[in-house]
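Here are my notebook entries from an afternoon with one protein chain. Have the model open beside you and follow along.

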Amino acid sequence: MIRFLLSLLFGAAAVLSPAVTLAQQPFFRVLAFYTAKGEPDHIAFAEQALPFFTELAKKHNFYFESTTRWEHLNAQKLKGFQLVLWINDFPIKAEQRAAFQDYMTHGGAWLGFHVSAYNDESTRWPWFVDFIGGAVFYGNNWPPLPAKLIVDDRSHPVTHHLPDTFISPANEWYIWKPSPRLNKHVKVLLTLDPKNYPIGLKDTITAGDLPVVWTNTAYRMIYMNMGHGDKIFASAEQNKLFEDAILWLGTHNNRVPETQLSTLSTGAEIKSIEYANLWSTILLPKTRRPLWEPGE
Ligand code: ZN
């Protein structure tokens, strides 16, 4: 019996060893852009976001890099990353915008928080307005306040750990015109419960559809309105939302060219693949399940 168990054990080890080798590689690579200048409450969010995502990277074996140098938003740098984060700012320069646009239209992924999607007549970036779902910044509450959020769809991989509703910590909520929900490509994941109205003291939002988290399904992207102040990571439920969003964007729908599938058959061969090539080869052969799936 012992011999039988041992053979089972060794058999299992032989099967598992390529996966173990694979697990030592970063599962995907994330590049976060932020600014340390300007609105103090947006800097406070970045100061908490960076250690939060660094810890997540350790937990889930992805690579996380952050920078205040927006000139790194260029094709050469981006090709080594499956996912780009904008934590508290957005690019101004035309070449950086063009590089991001090219990245997103060729399968790159983006997670943007709060002011990173801010746009008005002064920002002059029509492509981005379309990318975000046709929504233009219209107003906000002040001071930052907690709010009850409704989870529109709990079957989505990004929201499946959330309850039907939860209290999101104090944030400056943005309302957009038109509501991105009106865009046929947009899937809204979380909405500010209208029962919060009127929300604000100095600046008050009194009515209107206020999507908080959504994806434009024409791209691999999620926008989250959270990101103002030092309370954002105070909710375990909301933190799980951030975690699931990173994992979903980092892994879903990565296309593996048929010609490269054979090179992924063993751990040893995976080691030889340069990080730059992980862009297109990050996912596993069709016969092997991804390291992360909804529900885990
Ligand atoms: Zn803000």
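**Entry 1: the whole chain.** What share of the contacts in the chain with a separation of 6 or more comes from residues 24 or more positions apart? I found that such residues account for 78% of them (two residues are in contact if their C-beta atoms, placed from the backbone, lie within 7 Å).

I noted that this is a predicted model, where local features need pLDDT of at least 70, side-chain atom pairs count only at pLDDT 80 or more, and totals for chains, interfaces and linings use all residues. Residues are numbered from 1 along each chain as its sequence is written.

I looked up the secondary structure next and got nine helices and eleven strands (helices are DSSP runs of H or I with at least four residues, strands are runs of E with at least two, and both are numbered from the N terminus). Of the 296 residues, 36% count as buried. Buried here stands for 20 or more other C-beta atoms within 10 Å of the residue's own, exposed for 12 or fewer, and partly exposed for in between, with C-beta atoms placed from the backbone.

**Entry 2: helix α4.** I picked α4, residues 94-105, and saw that its twelve residues reach 16 Å from first C-alpha to last, close to the 16 Å expected at 1.5 Å a residue (the expected span is 1.5 Å times one less than the number of residues). Its buried residues are Ala-99, Phe-100, Tyr-103 and Met-104. They cover an arc of only 130° around the axis, so they sit on the same side of α4 (the arc is that of the directions from the helix axis to the C-beta atoms). On the face turned away from them I found the exposed Ala-94, Glu-95 and Thr-105. The buried residues pack against several elements, including α3 (75-78) and β4 (109-113). After α4 comes Gly-107, with a positive phi near 95°.

**Entry 3: helix α2.** I then turned to α2, residues 40-60, whose 21 residues reach 30 Å, close to the 30 Å expected. Among its buried residues are Phe-45, Ala-49 and Phe-53. I saw that β1 (29-33) and β2 (63-67) are included in what covers the buried residues of α2. Just after the helix, Asn-61 takes a positive phi of about 60°.

**Entry 4: strand β9.** How many of the seven residues of β9 (186-192) are buried? I counted six. Strand β6 (145-151) pairs with β9 in the antiparallel sense over three bridges (a pair needs at least two bridges found by DSSP), and Leu-149 has Leu-192 as its bridge partner. β10 (211-216) also runs antiparallel to β9, joined by five bridges, and there Val-186 stands opposite Asn-216.
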